[in-house]
Structures are given as structure tokens and as C-alpha cells.
Amino acid sequence: MEAGYNPRSVEEVFKDFKGRRAGLIKALTTDAEEFFQQCDPEKENLCLYGFPSEQWEVNLPAEEVPPELPEPALGINFARDGMQEKDWLSLVAVHSDAWLVAVSFYFGARFGFQKADRKRLFNMINELPTIFEVVTGAAKKQQKEKSSSVSNHVSSNKSQSNSKSGKPSKRQSDEEEEDEEEHGEAVCGACGDNNGMDEFWICCDICETWFHGKCVKITPARAEHIKQYKCPSCTNKRPRP
């Protein structure tokens, strides 16, 4: 864990939350194959850690008692081969959501956040899709239900590009921009954020999930030469016995 790392304001705690969340989402989506391999059931109790640097790590729990920070779910590796991979990843996602909230409100309690600060922190956290929603695709489904017009616009954009690349909800008129604000924006399948609409995005031809190009290491120039783009999750999918 990060020794001596202590965010003290609501904004700092939220930044810490977003960094850890991004790392965990990466482990359970774009890095799912590597994460699966590291969670060997033959090893001891393992935990999935997310760090403010947006990195993740599978490791043994902290030795100190009590630990410096709340600990993630213990023994996630033991259930790996006893259930479908997607169900196992969803289970880890649920526990990861609970851990993130525990860490954030641990900082809030430690540094004396008042009621208004705790409420503001929760509201900031609640504006983001949960890791479970991102991993299971529920965040994408909710987005589609909220705005069919945005989905239709995305579909028309995708049909005009062989690589299905571009900006998932860019509007061409003031009226459309107002409609976009009302219905929200697409969520990146890797980091779970819907910001950066002025950046390069690319859509998976298999699961139809949108990604920031930088999150999946695809540049606009490279996308021009991709006839069918498969995201890391779809690329790593394999039949289960």
C-alpha cells in the first residue's frame, strides 16, 4: 500500500477514489486476462488493490494489524475456477466497489469531514458508474436507455467509418448539443469515465463498447488501418470448460 499517502480535502479524496477506481476497472476489463492468470487458486489468500496512480496489483493482504487502510476482499483467487469467468469478475467488481467507498470514507473520518463534506463526497462518487456496472455492461445499457437519440447518432457515425472510430456523441448543431447535455454521454469501457469528448474514441465491433483511444492504446492513424476493431476484453475471451 501507499505509505504516507493521505488525501485531506474532499477533492483530494475524490481524486484518490477515481485513480483507484480506474486501476480496478483496468484489471477487470482491458487487463482481465492478466488478472485472471495472477489469481491462481493454488496460491494463498489474494487481494486486488487499486492505486491512486490508476494501477492495480494482486497481492497478499497487509501484514500489520490493524492495517493502514481498509483491506479489499480476501481470497478472491479461491473462487476463480468455481464459476463462470464473467460471474467471477462481476463478484470481484462488487467487492471492489465496497472497498473503494470504505477507503474514501476512512479518509473522511480520519480527517474530520463534516456532514456537508461527507454528503458532497458521496454525491461526487455517486455520479460515476460503479465498477460492477462497468464490468457487467450495465452502465452502457443505462446510457442507451437514457437516450436513444444519442445511440442513433453514434450508430450513424459508426456506419460512416470502417474502423468505427471517432467521438461517440459529438453534436453538429446547438439543438443537438442541448439534447446531448440532457441525455448524457457515452462511458469509456476501460476507465469508466464519460469525460474527454473532444478526444479520440474507438468502438469495439464485437461488444459495441466505446473506449478512449489512449485507454486501449489506439491512435487515430492506427485506427484508419483497422477493418474490425476488437477491444481487449473481446480479444481475450475464450470458451470456458
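Predicted model: local features only at pLDDT ≥ 70, side-chain atom pairs only at ≥ 80, totals over all residues.
Leaving aside residues up to four places away in sequence, L48 touches L24, A27, L28, F35, W56, E57, V58, P72, I76, V92 and S96.

L48 belongs to the largest nonpolar core, which holds 36 residues. Four members touch the most other members: L28, F35, L48 and I131. At least two residues come from each of α1 (10–28), α2, β1 (47–50), β2 (56–59), α3, α4 (115–126) and α5 (131–136). There is also a second, separate core. That one has 19 residues, including C188, C191, V216 and C234. In soluble globular proteins, nonpolar side chains tend to be buried together.

How accessible is F35? Its relative accessible area is 0%, so F35 is buried, a term that requires under 20%.

Next come the rings. A pair of aromatic rings is described by the distance of the centres and the angle of the planes. The model has 6 aromatic pairs. Why does the pair of F35 and W88 count as stacked? The ring centres lie 5.1 Å apart and the planes meet at 15°. Stacking calls for an angle under 30 degrees, so this pair qualifies. The two residues sit 53 residues apart in the chain. F35 lies in helix α2 (residues 32–38), while W88 lies in helix α3 (residues 85–110), and their pair links these distant parts. W88 is buried too, at 1% relative accessibility.

Notes
Residues numbered from 1 in each chain as written. Heavy atoms only, no water. Phe/Tyr/Trp six-rings, centres within 6.5 Å; stacked < 30°, edge-to-face > 60°. Helix = DSSP H or I, 4+ residues; strand = E, 2+ residues; numbered from the N terminus. Buried < 20%, exposed > 50% of the residue type's maximum accessible area, 1.4 Å probe, protein only. Core = buried A, V, L, I, M, F, W, Y, C linked by side-chain atoms within 4.5 Å. Contact = heavy atoms within 4.5 Å.
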